[in-house]
Every structure is written in C-alpha cells, then in structure tokens.
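User: I have a model open and a few things to check. Can we go through it piece by piece?

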Amino acid sequence: MNDAELLAYINRDRMKGFSLLVDQYSALIYKIAASVIMPVGTAEDVQECVSDSFVAFYNHLDEIDPERGSVKAYLAVLTKRRAINLYHTLKKERAVLTGMENEEEAVYNENGVDADTRMALVRAVRDLGEPDSTIVTRRYIFGETAVQIAMRVGLTPEATQKRLQRSLEKLRLMLGGVMDG
C-alpha cells in the first residue's frame, strides 16, 4: 500500500488505518529509536519513544502531504528528533544520578555505612519489581513528587503514594537485619 492509499485509509477509518500504519512501520521506528536511546536508556524508554512518535504522527495527520515527502520519512524524522530529545534527558538524569551517588558515597562514609549495606539496599530496591522500584528510586534519588512519579508510571498520585508506603514497609522487612546494625 502506498502512502496516499494509506493516508486515505486512515482518513476513512482512523483506527484500522492507524493499525496498518503501526504494523507497517513499527519495526523501523523501533530500530531508529533504539539506535539513539540505548546507549543511555532502556527498552522501556525506546518503547515510550516509539509510542510517542506514533501519537505525534496521529496528532499531526492533517498536516502530512504525501507529495512533499513519504510517510516513512516523516515518521523516521519525527522519531529521530524525539529519540534525540529523550537521549539528552536520560543523559542528564544519569549525570545527576552519578553526581548524587558521589554525594551519597560521602554521606554513607560519614555515617559509617559500608559498601555491603549499600549493595544490599540497591538489591532490595531492585527486588521490589516494577513499578515499585521506579517509584522508590524516583522519590528518593531524583526527589520527584508523587504527582510527577504518577505521570511517569501511569498511576494516580494516590496509588503512587500508597505503593511507596508499601514498598518502604517491604524494604524495612527485607533489610531489617542489614540496616539495624
């Protein structure tokens, strides 16, 4: 199906037409996003970029002119730009995290917390699973609010706050012997 036919199909039946578009171009779009994001991001970050790209395409559907360029090229450029923006955001987060780790190292050393205890804490947070590990990390590493975290993980702020409370209780139980001494 050529671009004009695909766009006409999308205009006739948005859901089915858009489904065809996603089927036709998702592998390409994923590859483009992954090639930019993966050095600093995760597969979830790539998937988020791909989804955002298709949503942006859908939102600007009326502006697409197949005579000015192909749908494939439009999606590729759109994805590349989104991926680059996400790459820069993730890179900044990683730099902040690295800086915070250095500061935390000083605090841990000041408070006499050894490397084994830190590793136990990191493992315990990771063992919480998703989205709980993300919620705890975003709250206590990045200092995000429940509202900010909720938008990121797709929960309500209330549900995010409740999950955070439950996660902290799980951590207390998991680390009882490690953190008490």
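User: Start with Lys170. Buried, partly exposed or exposed?
Analyst: Lys170 is partly exposed, at 40% relative accessible area. Buried means under 20% relative accessible area, exposed means over 50%, and partly exposed is in between, with a 1.4 Å probe and protein chains only.

User: Before going on, what kind of model is this?
Analyst: It is a predicted model, in which local features need pLDDT of at least 70, side-chain atom pairs count only at pLDDT 80 or more, and totals for chains, interfaces and linings use all residues. Residues are numbered from 1 along each chain as its sequence is written, and side-chain values use heavy atoms, with hydrogens and water left out.

User: OK. What does the side chain of Lys170 meet in a salt bridge?
Analyst: Asp132, at 3.9 Å from N to O. A salt bridge here is a side-chain nitrogen of Lys or Arg within 4 Å of a carboxyl oxygen of Asp or Glu. Lys170 is in helix α8 and Asp132 in helix α6, so this pair links distant parts of the chain, 38 residues apart.

User: Which residues are in the network with Asp132?
Analyst: The salt-bridge network links Asp132 with Arg163 and Lys170. The Arg163 to Asp132 bridge is 2.7 Å, N to O. Arg163 lies in α8 (residues 157-174) and Asp132 in α6 (residues 132-140), so that bridge ties together parts 31 residues apart in sequence.

User: And Asp132, buried or exposed?
Analyst: Asp132 counts as buried, at 6% relative accessibility. Arg163 is partly exposed, with a relative accessible area of 30%.

User: How many salt bridges does the count come to?
Analyst: Six by this rule. One of them joins the side chains of Arg138 and Glu144 at 3.2 Å, N to O. Arg138 and Glu144 are both buried.

User: Switching to the fold. How many helices and strands?
Analyst: Nine helices and zero strands. Helices are DSSP runs of H or I with at least four residues, strands are runs of E with at least two, and both are numbered from the N terminus. Of the 181 residues, 31% count as buried.

User: How do α2 and α3 pack?
Analyst: Helix α2 (residues 14-37) and helix α3 (residues 43-59) pack at about 135°, with axes 9 Å apart. Axes are lines fitted to C-alpha atoms, for helices over the stretch in contact, and angles run from 0 to 180 degrees between N-to-C directions. The two helices are therefore oblique to each other: under 35 degrees counts as roughly parallel, over 145 as roughly antiparallel, 65 to 115 as roughly perpendicular, and the rest as oblique.

User: Which residues make that contact?
Analyst: On the α2 side they include Phe18, Leu21, Tyr25 and Ile29, and on the α3 side Val46, Val50, Phe54 and Phe57. A contact means heavy atoms within 4.5 Å. By class, the α2 and α3 contact has 16 nonpolar, three polar and two charged residues. Ala, Val, Leu, Ile, Met, Phe, Trp, Tyr, Cys and Pro count as nonpolar, Asp, Glu, Lys and Arg as charged, and the others, Gly among them, as polar.

User: Back to α6. How does it cross α7?
Analyst: The axes of α6 and α7 (residues 146-153) come within 10 Å and cross at roughly 145°. Thr134, Ile135, Arg138 and Arg139 of α6 make the contact with Ile149, Arg152 and Val153 of α7. Those residues divide into three nonpolar, one polar and three charged.
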